[in-house]
Amino acid sequence: MTSSDSGSAVPRLVIAAPSSGSGKTTVATGLMAALTARGLAVSPHKVGPDYIDPGYHALATGRVGRNLDAYLCGPELVGPLLLHGARGCDIAVVEGVMGLYDGAAGEGELASTAQVAKLLRAPVVLVVDASSQSRSVAALVHGFVSWDPEVRVGGVILNKVASDRHEVLLREAVDAVGVPVLGVLRRAAPVETPSRHLGLVPVAERGSDAVDAVAAMGARVADGCDLEALVGLARSAGALSCAAWDAGEALVSSPPPPLPVPSPGAAPPDPLVRPGRPRPQAPDGLRRRVAMASGAAFTFSYAEHTELLAAAGAEVVTFDPLRDEELPEGTQGLVIGGGFPEVYAAELSANEGLRKSVAELAFSGAPVAAECAGLLYLCRELDGLPMCGVLDAAARMSKRLTLGYRDAVAVSDSALAVAGTRMRGHEFHRTVVEPGAGAAPAWGMRAPERRVEGFVERGVHASYLHTHWAAEPGVARRFVERCRTS
């Protein structure tokens with residue numbers, strides 16, 4: 001099979017399940033690895049906002065794992081974003097989220113795997129945990145097949161099958177429903193994928209252990225599934241009428257609002273800005289240098305953010321706050337995404353040189369965008385350990401999980417957006433920041449509860465809210481423009 005010349009016709013499959021815990025991550029990641037091992041260029045995708053699974057997908061395929069989230073980006077971008085990621089690929093494999101029909105709370109099918117499958121005109125493979133049942137599996141599969149006639153369940157993979165006799169009973173039951181069994185995975189010791197307070201441990205923290213885990217998933221799927229039948233099913237996906245998303249075109253079609261012009265008699269410069277300290281210049285004098293946090297403590301980032309920044313005129317360079325003692329030379333803007341600073345608080349605190357470098361950049365008025373983990377890193381302290389001290393706030397671990405989609409509006413003009421800009425986002429953390437908002441909050445939450453959250457100070461925009469900039473490309477352009485004018 002050769003790379004598809006027509007992106008809209010790229011073969012594609014959605015790997016779904018009746019519920020979380022059925023084994024869809026193992027099957028999806030394993031299928032990506034098995035097909036890649038057979039020489040196919042596989043485009044990996046994940047339904048929903050999750051950052052961790054795409055890391056395993058990237059390891060399985062050698063390509064960037066990308067998210068398809070109809071809540072964060074809107075249903076109209078699901079197809080274009082898939083085609084963007086699948087350029088030059090032979091097949092796209094999409095891992096679902098939760099149960100097939102589970103979506104954003106109170107929003108019907110919005111952001112569900114079923115909605116994404118329909119938007120992609122892609123067949124669904126249902127991964128069923130068959131332990132502790134035999135003929136009853138037919139009722140379960142029949143229910144999922146018939147619930148929404150627009151969702152095409154093209155096959156079933158039976159997981160956690162106990163024996164040859166168990167397999168025979170299950171196959172007889174599913175055959176009666178008229179859905180082919182495309183794979184059987186026997187009950188076995190689970191592939192080693194350790195979890196902690198926010199789910200799987202990211203690939204960046206596991207090194208060779210993650211490589212071994214992905215290889216084991218690939219071997220299980222290759223041994224237990226009919227790969228030819230799965231590829232054949234993927235080829236039956238309907239053509240898409242949309243064009244592939246492109247960062248440059250997105251910026252052109254979505255110009256940002258103008259930068260605010262200081263009025264005569266405006267307040268004097270912030271006294272925290274270091275007087276007489278010149279702003280660094282980009283080495284080439286043209287493109288603005290934006291540093292982006294990476295490494296084990298900051299693993300959460302959507303690939304489209306980097307692509308939009310680059311299209312807006314930025315040179316994006318990465319740095320690791322656990323290792324690098326200062327920001328990259330010539331840094332003019334800083335992006336610190338999500339991750340697990342609470343796990344690495346001692347190491348981050350011990351890197352005093354970088355903490356000072358980040359604070360100096362922030363106090364100079366340069367644009368800084370910090371989401372969730374980035375917010376914690378900019379605080380005065382995290383669990384009692386000194387952080388960057390950019391924000392007069394303290395962060396600590398909490399027993400309470402904060403999780404869910406958010407409908408938000410920008411409260412204050414910032415390096416990312418003007419007040420009144422509406423965006424959708426996602427929160428996912430077990431930490432608390434006190435106070436929860438500054439004098440100029442970042443966001444006002446419209447749903448599910450009304451509150452303000454986050455901080456806008458100097459050029460800093462810091463918040464718990466994860467957003468997907470493809471939904472509002474002007475965010476990236478505004479950020480880069482601030483690098484030029486700050």
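Predicted model: local features only at pLDDT ≥ 70, side-chain atom pairs only at ≥ 80, totals over all residues.
## Helix H1

Helix H1 spans residues 24-37, a run of 14 residues. From its first C-alpha to its last it reaches 19 Å, close to the 20 Å expected at 1.5 Å a residue. After H1 comes glycine 39, with a positive phi near 95 degrees.

H1 is mostly covered, with 10 of its 14 residues buried. The buried residues begin with Lys24 and then include Val27, Ala28, Thr29 and Gly30. Leu31, Met32, Ala33, Ala34 and Leu35 are buried as well.

## Alanine 296

Alanine 296 sits in the loop that links strand S10 (288-293) to helix H11 (303-311). Its relative accessibility is 13%, so alanine 296 counts as buried, because the cut-off for that class is under 20%.

Proline 341 is 45 residues from alanine 296 in sequence. In space, the C-alpha atoms of alanine 296 and proline 341 are 8.9 Å apart.

## Glutamate 434

Glutamate 434 belongs to strand S17, which covers residues 422-434. At 42% relative accessibility, glutamate 434 counts as partly exposed, because that value falls between the 20% and 50% limits.

Leaving aside residues up to four places away in sequence, glutamate 434 touches Ala393, Ala394 and Arg396. With arginine 396 there is also a polar contact, side chain to side chain, at 3.0 Å. Aspartate 392 is 42 residues from glutamate 434 along the chain, and 8.9 Å separates their C-alpha atoms.

Terms used
Residues numbered from 1 in each chain as written. Heavy atoms only, no water. Helix = DSSP H or I, 4+ residues; strand = E, 2+ residues; numbered from the N terminus. Expected span 1.5 Å × (residues − 1). Buried < 20%, exposed > 50% of the residue type's maximum accessible area, 1.4 Å probe, protein only. Contact = heavy atoms within 4.5 Å. Polar contact = N/O pair within 3.5 Å; in protein donor to acceptor, adjacent residues only side chain to side chain.
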